[in-house]
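Hi,

Here is the structure I promised to pass on. Have a look at it first, then read my notes below.

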Amino acid sequence: MNEFKLSILDLLKEDARLTATTIATMLGAEQEDVSAAIAEMEQDHVIVKYATIVNWSKVDDEKVTALIEVECTPERGRGFESIAERVYLYPEVKSVYLMSGAYDLLVEIEGKNLKEVASFVSNKLSTIESVISTKSFFILKKYKQDGIIFEEFEDDHRLLVSP
């Protein structure tokens with residue numbers, strides 16, 4: 001990947017609403033070159049989706065998000081690929097990562113409530129043949145996501161008094 005495309009990706013990562021014209025101006029390039037580079041990266045699935053980061057705590061929405069550590073036995077010839085594929089095809093699953101360490105997969109799931117998430121883990125995820133164990137962690141509050149801080153905290157203006 002050349003430096004030009006990496007620069008475009010850096011700009012789009014910060015603001016996916018930037019137009020090719022704006023990016024071209026920022027990079028001192030031709031708009032046609034930027035448009036062609038973006039189209040090529042979309043075609044090659046380097047750019048997969050243009051998404052918005054939402055602070056769901058500010059929305060009257062009772063979604064529950066959980067991170068599930070999954071320990072599983074890799075399948076002969078495919079390793080963890082087929083297990084990950086079975087997991088990521090569920091609509092409740094938002095992300096799946098192959099991990100190093102005490103567990104094999106980290107699965108992020110989202111549900112309407114705690115009961116729905118628990119039901120997914122007990123009825124769907126843990127019943128997959130290769131799954132040995134699961135550990136669930138419910139997200140209580142997000143402070144930062146993808147480099148974006150959700151809430152700004154005021155500086156502490158108290159004075160230090162020492163004897």
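Let's start with helix 5, which covers residues 114-125. At 1.5 Å a residue, its 12 residues should span 16 Å, and the end C-alpha atoms are 15 Å apart, so the two agree. (The expected span is 1.5 Å times one less than the number of residues. Helices, H or I with at least four residues, and strands, E with at least two, are DSSP runs numbered from the N terminus.)

Which residues of helix 5 are buried? They are Val117, Phe120, Val121 and Leu125. These residues cover an arc of only 90° around the axis, so they sit on the same side of helix 5; the arc is that of the directions from the helix axis to the C-beta atoms. In general, an α-helix has 3.6 residues a turn, so residues three or four places apart point the same way. On the other side of helix 5, Lys115 and Asn123 are exposed. By "buried" I mean under 20% relative accessible area, by "exposed" over 50%, and by "partly exposed" anything in between, with a 1.4 Å probe and protein chains only.

Before going on, a word on where this comes from: it is a predicted model, so local features need pLDDT of at least 70 and side-chain atom pairs count only at pLDDT 80 or more, while totals for chains, interfaces and linings use all residues. Residues are numbered from 1 along each chain as its sequence is written, and side-chain values use heavy atoms, with hydrogens and water left out.

Now the charged pairs. How many salt bridges does the structure hold? There are 5, where a salt bridge is a side-chain nitrogen of Lys or Arg within 4 Å of a carboxyl oxygen of Asp or Glu.

- Glu92 and Lys124 form a salt bridge, with the closest N and O atoms 3.0 Å apart. This pair links distant parts of the chain, 32 residues apart: Glu92 is in the loop between helix 4 (81-88) and strand 2 (93-98), and Lys124 is in helix 5. Glu92 counts as buried because its relative accessibility is 18%, while Lys124, at 32%, is partly exposed.
- Glu110 and Lys63 meet through their side chains at 3.7 Å, N to O. They also link distant parts of the chain, with Glu110 in strand 3 (residues 105-111) and Lys63 in the loop between helix 3 and strand 1, 47 residues apart. Glu110 is partly exposed at 23%, and so is Lys63 at 36%.
- Arg78 pairs with Glu85, their closest N and O atoms being 3.5 Å apart. Arg78 is partly exposed at 44%, as is Glu85 at 32%.

The phi of His45 is near 60°, a positive value in a residue other than glycine, and His45 is exposed at 59% relative accessibility. Asp146 has a positive phi too, near 50°. You'll find Asp146 in the loop between strand 5 (144-145) and strand 6 (148-149), exposed with a relative accessible area of 56%.

Finally, the record: an unreviewed UniProt entry annotates residues 68-141 as "domain: Transcription regulator AsnC/Lrp ligand binding". UniProt positions are in the numbering used here, feature names are shortened, and annotations may be inferred rather than shown by experiment. Over residues 68-141 the chain is 27% helix and 35% strand, and the end C-alpha atoms are 16 Å apart.

Cheers
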